[in-house]
Amino acid sequence: MRVTWVHPSWRDLVIDHLSSDEQARAHFLRHCHVHGALLALSSAGGSGGQRLQPLLRRDADWDMLTDRLYDLAPELEHAELVGVLDALRVAPGPALAEAHALSRAFLARVAAIWNASRAPVALPALEAWLSVGKRLSPRPEPPALGVTWAELLPIRAPDFADRASLGHFADWLTLAELLLEYDDELLVALRFPAQSLQPCQAFLDELSQSVQCLDPRDVDQAVQILAAMVKLVGPLTERAYLLRGRLEDHAQAFSEPALEVPWAAETGSSPRGTGHLDVQRVLEDL
């Protein structure tokens, strides 16, 4: 039998029991999986929305959760990893020192895993990692990103007939924005934008000739690229800004009222939803 839903009052009773029973809490923290860890780090719980980190009552609890996340890190799926990082981003609360120590340990563990894999890092996971790192002082050393940068670095302007090519170009500039916000010296080391002007210039040349015939489905992506250029590529800032205005005017002509999605409010659906707690998986940790 698979349990997919339980009444909130029953769930709260279980959480209250774990919170108050030191032995049960310790067993849970030592053996929980990712959804159990998310429960331990959760906030705004309980009937009044005021329950904060219900299973982290003592320093030892934080230490056990740190050890457990260290062990879980290599097996986390992408969405699970982003979920944990998102939880850490909002975790500090009153136990600031403990939360920061856990965050620093988990970031170091994840960075070591990424570095050992020598594979490109997915941007949503990297963005979540850097978002947590920016809250720490001093900021932790970021993972090695040479492979990720090389994977995204364009050698030519994107093909406007190829939506994937346009997305790849946007991802490259998104990575540049993330690095600029975290540590601008990283971009200097990657010789950006000095050695990246040619594809950016070619993109502006081609787009200026294609504004009127650009597929409306690609307008948002092109506007995102231009906004990044305004911020990042000094020699092209003015031209990118003016072209962005032309593109937005063109997009306005094609704009239509947004369609309402009646089930979104009922289900609480979101593009990421990584913080959702799977009740069945939490129960399996008990």
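**Salt bridges, cysteines and a loop proline**

Lys-134 comes out as partly exposed, at 35% relative accessibility (buried means under 20% relative accessible area, exposed over 50%, and partly exposed in between, using a 1.4 Å probe and protein chains only). This is a predicted model, so local features need pLDDT of at least 70 and side-chain atom pairs count only at pLDDT 80 or more, while totals for chains, interfaces and linings use all residues. Residues are numbered from 1 along each chain as its sequence is written, and side-chain values use heavy atoms, leaving out hydrogens and water.

**The network around Glu-181**

- Lys-134 belongs to a network of salt bridges that also links Glu-177, Glu-181 and Lys-231 (a salt bridge puts a side-chain nitrogen of Lys or Arg within 4 Å of a carboxyl oxygen of Asp or Glu).
- Within that group, Glu-181 and Lys-134 pair up through their side chains at 3.6 Å, N to O.
- Glu-181 sits in helix H9 (residues 163–182) and Lys-134 in the loop between helix H7 (123–133) and helix H8 (146–152), so this bridge ties together parts 47 residues apart in sequence (helices are DSSP runs of H or I with at least four residues, strands are E runs of at least two, and both are numbered from the N terminus).
- Glu-181 also makes a salt bridge with Lys-231, at 3.0 Å from N to O.
- Here helix H9 supplies Glu-181 and helix H12 supplies Lys-231, so the pair connects parts 50 residues apart in sequence.
- Glu-181 is partly exposed, with a relative accessible area of 37%, and Lys-231 is partly exposed too, at 42%.

- Across the whole structure, a search turns up 10 salt bridges.
- One of them joins the side chains of Arg-25 and Asp-61, 2.9 Å from N to O.
- Arg-25 is in helix H2 (residues 22–31) and Asp-61 in helix H4 (residues 59–72), so the contact ties together parts 36 residues apart in sequence.
- Both ends are tucked away: Arg-25 is buried at 4% relative accessibility, and Asp-61 is buried at 0%.

**Cysteines**

- If you're looking for disulfides, the structure holds zero (the cut-off is a pair of cysteine sulfur atoms within 2.5 Å).
- Cys-32 is buried at 0% relative accessibility, and Cys-200 is buried with a relative accessible area of 1%.

**Pro-235**

- Pro-235 is in the loop between helix H12 (219–232) and helix H13 (237–254).
- At 62% relative accessibility, Pro-235 is exposed.
- Pro-235 and Gln-201 are 34 residues apart in sequence, with their C-alpha atoms 9.6 Å apart in space.
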